[in-house]
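The sequence and model come first.

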Amino acid sequence: MQTTSAIWKNLWASGTAVLEAAAEIDGTTYTDLPAAPVVSRALMQDGLSVGNAVSASCALSVRTEDSLPRAAEVVLKVRLTDGTTTSEWLPMGTFFISRRSVDPVT
């Protein structure tokens, strides 16, 4: 079970907070994500239950000039903000890079 701060709980209860996403790749945090990461749990046909592991895949885009290493660890993180108050980052899953590509800047 993940614990959250009072700030997170208050922002969540407000119903007006915005969810921000970030990806920590090989120890570097990237917040310039052009779109929200897409997590697919194709093998999970039933809901979560105690004692089971869940396999998932994630597709995401990052704007960076860094070279992302093969098989690097990717930790997805989210936080809440209302424009003035910002919560802590919470990890939402760990993935590993299996495919990567570079899109030319247009």
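## Strand pairing

E1 and E5 form an antiparallel pair with eight bridges between them. Strands are DSSP runs of E with at least two residues, helices are runs of H or I with at least four residues, and both are numbered from the N terminus. Two strands count as paired if DSSP finds at least two bridges between them. Within the pairing with E5, Glu24 has Val75 as its bridge partner, and Val18 has Thr81.

E1 also runs antiparallel to strand E2 (residues 28–30), to which three bridges join it. Ala23 stands opposite Tyr30 of E2. E5 in turn pairs with E6, again in the antiparallel sense, over six bridges. In E6, Leu90 is the residue opposite Val78.

## Basis of the model

The model is predicted: local features need pLDDT of at least 70, side-chain atom pairs count only at pLDDT 80 or more, and totals for chains, interfaces and linings use all residues. Residues are numbered from 1 along each chain as its sequence is written, and side-chain values use heavy atoms, with hydrogens and water left out.

## The chain as a whole

The chain contains one helix and six strands. Their order along the sequence is α-β-β-β-β-β-β. Of contacts between residues at least 6 apart in sequence, 58% join residues at least 24 apart; a contact means heavy atoms within 4.5 Å.

Of the 106 residues in the chain, 19% are buried. Buried means under 20% relative accessible area, exposed means over 50%, and partly exposed lies in between, with a 1.4 Å probe and protein chains only. The chain exposes about 8,100 Å², of which carbon and sulfur atoms supply 51%. Accessible areas come from the Shrake-Rupley method with a 1.4 Å probe, and for residues only the protein chains shown count as cover.

Why is E5 largely enclosed by the rest of the structure? Seven of its nine residues are buried, so the strand is largely enclosed.

Phe95 is found in strand E6 and is buried, at a relative accessible area of 13%. Leaving aside neighbours within four places in sequence, Phe95 is in contact with Val39, Ala56, Ser57, Cys58, Ala72, Glu73, Val74 and Leu76. Glu73 is 22 residues from Phe95 in sequence, while the two C-alpha atoms are 5.9 Å apart in space.

## Two residues with positive phi

Asp26 lies in the loop between E1 and E2. The hairpin of these two strands has two residues between the strands, and Asp26 takes a positive phi near 55 degrees there. Asp26 is exposed, with a relative accessible area of 51%.

Ala71 lies in the loop between E4 and E5. Phi of Ala71 is near 60 degrees, a positive value in a residue other than glycine. Ala71 is exposed, with a relative accessible area of 54%.

## The largest pocket

The largest pocket has a volume of about 1,100 Å³. Of its 27 lining residues, Leu60, Val62, Leu68, Arg100 and Ser101 are the closest to the centre. On a 1 Å grid over the protein atoms alone, probed at 1.4 Å, a pocket is an open set of points with protein on both sides within 12 Å along at least five of seven lines, and lining residues have an atom within 4 Å of a point. Grid points are joined across faces, edges and corners, and a volume is the space filled by probe spheres set on the points.

Strand E4 (57–59) and strand E6 (90–96) each supply at least two residues of this lining. E4 gives the most, with three residues. By class, the lining has 15 nonpolar, six polar and six charged residues. Ala, Val, Leu, Ile, Met, Phe, Trp, Tyr, Cys and Pro count as nonpolar, Asp, Glu, Lys and Arg as charged, and the others, Gly among them, as polar.

## The second largest pocket

The second largest pocket holds about 230 Å³ of space. Its lining consists of Leu19, Glu20, Ala21, Ala36, Pro37, Val39, Arg41, Leu76, Lys77, Val78 and Met92. The elements that give two or more residues to this lining are strand E1 (18–25) and strand E5 (73–81). Eight of the lining residues are nonpolar, none polar and three charged.
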